[in-house]
Amino acid sequence: MEHTGDSLEVTYPDVTFAIIAGGRGRRLSGVPKGLLEVEGRTVLSRQLTLAPRFGDVVLVANTPAPYALYGLRTVADTVRDKGAPGGVHAALSASRTPWVVAVACDMPFITWEALRVLLEARGDDVDAVCFESSGRVEPLLAVYRSELAQVWLATLSEDPSLRQLLSRFRARVLPESALRAVDPSLRSLVNVNTPEDLAAQGGRLPRGR
């Protein structure tokens, strides 16, 4: 098993850290995006340094074999071909805790401080918390109640976007300024979807590709 982070005190035992890996990066030579290397480490390795802060961790991956060396509990989408909404549903369904932090596997610079802002914005009157940036919500850097799973499943047949799904729940959308307060350059929102994105971050395909 690959080492997944330093020994840290569990800060949020009631939260599962869920990494939404989905399928392979078709625009990136078919390499699973979590295995792209940025600053000398895979994106997944970078994200897993955050995992010890949480009560549980789960990887949502429809093709789990490439990630086997990490030794993570891995689940596939319950409903296939629904993209990110299907991935979040799988995380909610697999959760053993009341809350889930969902992050996309192609975001190498997510910080603990950004996650903590989301987690501290939870409340009894809230089902989900996310940031808004440049007029767009960021549903794959967000916190969800696990109990949304059943209602979430019922809506997947409509092929909703994550934004549409959020509009159906008690979502607390935090302004961009809330993220900038702890991440002034909004680096936590950077994702690596294309060869150009990878080059811009000084990244590379895994060795041998």
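Q: How many aromatic pairs does the structure hold?
A: The structure holds 6 aromatic pairs, where rings of Phe, Tyr and Trp (its six-membered ring) pair if their centres lie within 6.5 Å, with planes under 30 degrees apart counted as stacked, over 60 as edge-to-face and the rest as tilted. This is a predicted model, in which local features need pLDDT of at least 70, side-chain atom pairs count only at pLDDT 80 or more, and totals for chains, interfaces and linings use all residues. Residues are numbered from 1 along each chain as its sequence is written, and side-chain values use heavy atoms, leaving out hydrogens and water.

Q: What do tyrosine 144 and tryptophan 152 form?
A: Tyrosine 144 and tryptophan 152 form an edge-to-face aromatic pair, 5.4 Å centre to centre with 85° between the planes.

Q: And why is the pair of tryptophan 152 and phenylalanine 169 stacked?
A: The pair is stacked because the ring centres of tryptophan 152 and phenylalanine 169 are 5.7 Å apart and the planes are at 5°.

Q: Are tryptophan 152 and phenylalanine 169 buried or exposed?
A: Both tryptophan 152 and phenylalanine 169 are buried (buried means under 20% relative accessible area, exposed over 50%, partly exposed in between; 1.4 Å probe, protein chains only).

Q: New topic: where does UniProt place the feature "binding site"?
A: The unreviewed UniProt entry places that feature at Asp106; UniProt annotations may be inferred rather than shown by experiment.

Q: Which side chain does aspartate 106 join in a polar contact of 3.4 Å?
A: The partner of aspartate 106 is the side chain of lysine 33 (a polar contact is a pair of N or O atoms within 3.5 Å; within protein, one must be able to donate a hydrogen and the other to accept it, and residues adjacent in sequence count only if both atoms are side-chain atoms).
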